[in-house]
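These are my notebook entries on a single protein chain. I set down what I looked up, entry by entry.

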Amino acid sequence: MRTRLHILLLIVLCLALAVSCARRPRSTAEVPRPISSSFKISVAPFTQPTNASQLIVGRIPEDQGRIPGDMLPALDMKLREVLLTDTKRQYNFIVRQNLPPDLTEFHSSEQPQALPLWEAYGKKQGAQLLLIPQVLDWHQREGSKAGVTQSAHVRVEFFLLKVDDGTLMNRSIFEEKQVGLTENLLTVGSFFKRRGTWVTAEDLTVDGMRKAVKDLGL
């Protein structure tokens, strides 16, 4: 019995090491360059595009899960906390009241159309670089920490826009649906980090924020 346990632990360790190695950049070109501290970064409030015309790039997920409206300000606060904790720069956090309604009220279209409006919005706010956080898909946990009937699943994207010329400098994408250890041994690292509990959609989104900090070189 003890030998079996040792073998299982060895397999789990090997899988964890394999995943760690697989996630390393293949070259120095893949390592994001830190954004110069001379740039002033403004942070837009979270929004959720619900049709293709509201997108900057990409597409709307099939069977898109909608985030409750009162959760968006809560994510704004979470992002503020992550940026001020995980980075050493100052930000201009734009209040939600200054978010123009036309950023999320387009006529339906199959093509993304939002980039010029975000560019105009950034100029109006006096931004040099504009960090745009968006929720593309949102499915809340159904259950508790101990067990669920449906696990949390989110897709969040973060765009860094150079406002003066409308250039997208970088983009960070995070998508995860939490699964149990027995369903996928490749998630063993996340499993232990979360202490074997079932997390909320907000918890997954915070992981996405921390990934964005690294991806965007903040």
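**Entry 1: Elements and model**

I counted five helices and seven strands in the protein; helices (H or I, at least four residues) and strands (E, at least two) are DSSP runs, numbered from the N terminus. From the N terminus on, I read the order of elements as α-β-α-β-α-β-β-β-β-β-α-α.

I note that the model is predicted, that local features need pLDDT of at least 70, that side-chain atom pairs count only at pLDDT 80 or more, and that totals for chains, interfaces and linings use all residues. Residues are numbered from 1 along each chain as its sequence is written, and side-chain values use heavy atoms, with hydrogens and water left out.

I looked up the confidence: pLDDT, the predictor's confidence in each residue from 0 to 100, averages 80 over the protein, and 70% of the residues score at least 70. Over residues 2-30 the pLDDT is below 50, and this stretch has eight contacts in the model beyond near neighbours in sequence; contact means heavy atoms within 4.5 Å. Where pLDDT is low, the predicted coordinates should not be read in detail.

**Entry 2: The sheet**

In what order do the five strands of the open sheet lie? I found β2-β1-β3-β6-β7, with mixed pairing; two strands pair if DSSP finds at least two bridges between them. The edge strands, each pairing on one side only, are β2 (91-93) and β7 (167-177). From one strand to the next the twist averages 20°.

I then followed β6 (residues 153-162). With β7 this strand pairs in the antiparallel sense over 10 bridges. Opposite L160 stands N170 in β7, and opposite F159 stands R171 in β7. The hairpin formed by β6 and β7 has four residues between the strands, and G166 in the turn has a positive phi of about 70°. β3 and β6 also run antiparallel, joined by 10 bridges; L130 has L161 in β6 as its bridge partner.

Why do I describe β6 as largely enclosed by the rest of the structure? Nine of its 10 residues are buried, where buried means under 20% relative accessible area, exposed over 50%, and partly exposed in between (1.4 Å probe, protein chains only).

I also recorded that helix α3 (residues 115-124) lies across β3 (129-139), β6 and β7, running at about 135° to β3. Axes are lines fitted to C-alpha atoms, for helices over the stretch in contact, and angles run from 0 to 180 degrees between N-to-C directions.

**Entry 3: Cores**

I looked up the nonpolar cores, each a set of buried Ala, Val, Leu, Ile, Met, Phe, Trp, Tyr and Cys residues joined through side-chain atoms within 4.5 Å. The largest has 32 residues, of which F46, L83, L131, W138, F158, M209 and L218 touch the most other members. At least two residues of this core come from each of β1 (41-43), α2 (71-86), β2, β3, β6 and α5 (201-215). A second, separate core has 13 residues, including I94, Y121, A127 and I132.

I listed the contacts of L131, leaving aside neighbours within four places in sequence: among them are I41, V43, L83, F158, L160 and L218.

For the protein as a whole, 41% of the 218 residues count as buried. Of contacts between residues at least 6 apart in sequence, 71% join residues at least 24 apart.

**Entry 4: Single residues**

Q64 lies in the loop between β1 and α2. Is Q64 buried or exposed? I record Q64 as buried, because its relative accessibility is 15%. Not counting residues up to four places away in sequence, Q64 touches Q48, P49, T50, L136 and D137.

D63 is found in the loop between β1 and α2, and I class D63 as exposed because its relative accessible area is 71%. Phi of D63 is near 50°, a positive value in a residue other than glycine. Most residues other than glycine have a negative phi.

D203 is found in helix α5 and counts as partly exposed, at 38% relative accessibility. C-alpha to C-alpha, D203 and V154 are 9.8 Å apart in space, and they are 49 residues apart in sequence.
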